Amino acid sequence: MRSKLVAGNWKMNGNLASNQALLKSLIPLLKPLATARAAVCVPYPYIAQTEHVLRGSGIAWGAQDASEHEHGAYTGEVSAGMLADFGCRYVIVGHSERRALFGDTNEIVAQKYAAVLKAGLTPILCVGETLAERESGVMEQVIARQVEAVMAQSGATSLERAVVAYEPVWAIGTGKTATPDEAQAVHAFIRSRVAEQDICVADLLTILYGGSVKAANAPALFAMPDIDGGLIGGAALVAEEFAAICSAAN
Ligand code: PGA
């Protein structure tokens, strides 16, 4: 039985004061969660603040990226080991914004995924197609390559210690969500590609849906058999909205 996970991706938003307010209001709102897990992935400078506020609350925290390197002359980069020092449990890798704007290829994402695992943290591997890829019929190839890159680098069994997030690029921040059936079809496809290599790992793998998830559409998405929760952008910045999404997963 897979338990559901809802992870917030704050992206490059917030400041000390607004984070403090948001995190403090999440604690009582998420207390009643019985089975679902909740996490927030915050910008690097605020990880210490998040650790300070959330420690002992049951809400996990994490980062939105990590270097593929362990240490060294990589100005501006942050290693997964550094994130582990601040109690992070999750690290998003391969978010479509990183892929599109910062040159993260499947190979780099696979290296980052391996680095996160090596530091003892849980990678949230984002995969997803653009609208052009969906419309030209190459969606499955694109997603298969994204998933297979990490299996080639770290093995299919590594997914036992990871989370996959299916995020159609056309649904991110656009207000356009994949329908529950559209999302379910891709989630089942991802699970089947993993099952070709390891059926037990495929069965246990947590696959989140992301892209304009709101309190209003979360219940229908989370009711699908292969959707194990969500990766939430905009709606994660509003405590009541994020809490409502988490309770839909509960
Ligand atoms: P969104 O973002 O919920 O604002 O669409 C999701 C994401 O990019 O992870």
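A polar contact here is a pair of N or O atoms within 3.5 Å; within protein, one must be able to donate a hydrogen and the other to accept it, and residues adjacent in sequence count only if both atoms are side-chain atoms.

First, the ground rules. This is a predicted model, where local features need pLDDT of at least 70, side-chain atom pairs count only at pLDDT 80 or more, and totals for chains, interfaces and linings use all residues. Residues are numbered from 1 along each chain as its sequence is written, and side-chain values use heavy atoms, without hydrogens and water.

Now the ligand. Which side chains and backbone atoms reach its oxygens? The side chain of Asn-9 has an N or O atom 3.4 Å from a ligand oxygen. Lys-11 places a polar side-chain atom 2.7 Å from a ligand oxygen. Ser-212 uses a polar backbone atom, also at 2.7 Å from an oxygen of the ligand. The protein covers 96% of the 280 Å² of accessible area that the ligand has on its own (Shrake-Rupley method, 1.4 Å probe).

Asn-9 takes us to strand E1, residues 5-9. Strands are DSSP runs of at least two residues, helices (H or I) of at least four, numbered from the N terminus. Five of the five residues in E1 are buried, meaning under 20% relative accessible area (1.4 Å probe, protein chains only). Leu-5, Ala-7 and Asn-9 sit on one side. Val-6 and Gly-8 sit on the other.

Next, the neighbours. E1 runs parallel to E2, residues 37-41, with five bridges. Four bridges join E1 to E8, residues 229-232, also parallel. Ala-7 stands opposite Ala-39 in E2, and its bridge partner in E8 is Leu-231.

Definitions and conventions
Buried means under 20% relative accessible area, exposed over 50%, partly exposed in between (1.4 Å probe, protein chains only). Two strands pair if DSSP finds at least two bridges between them.
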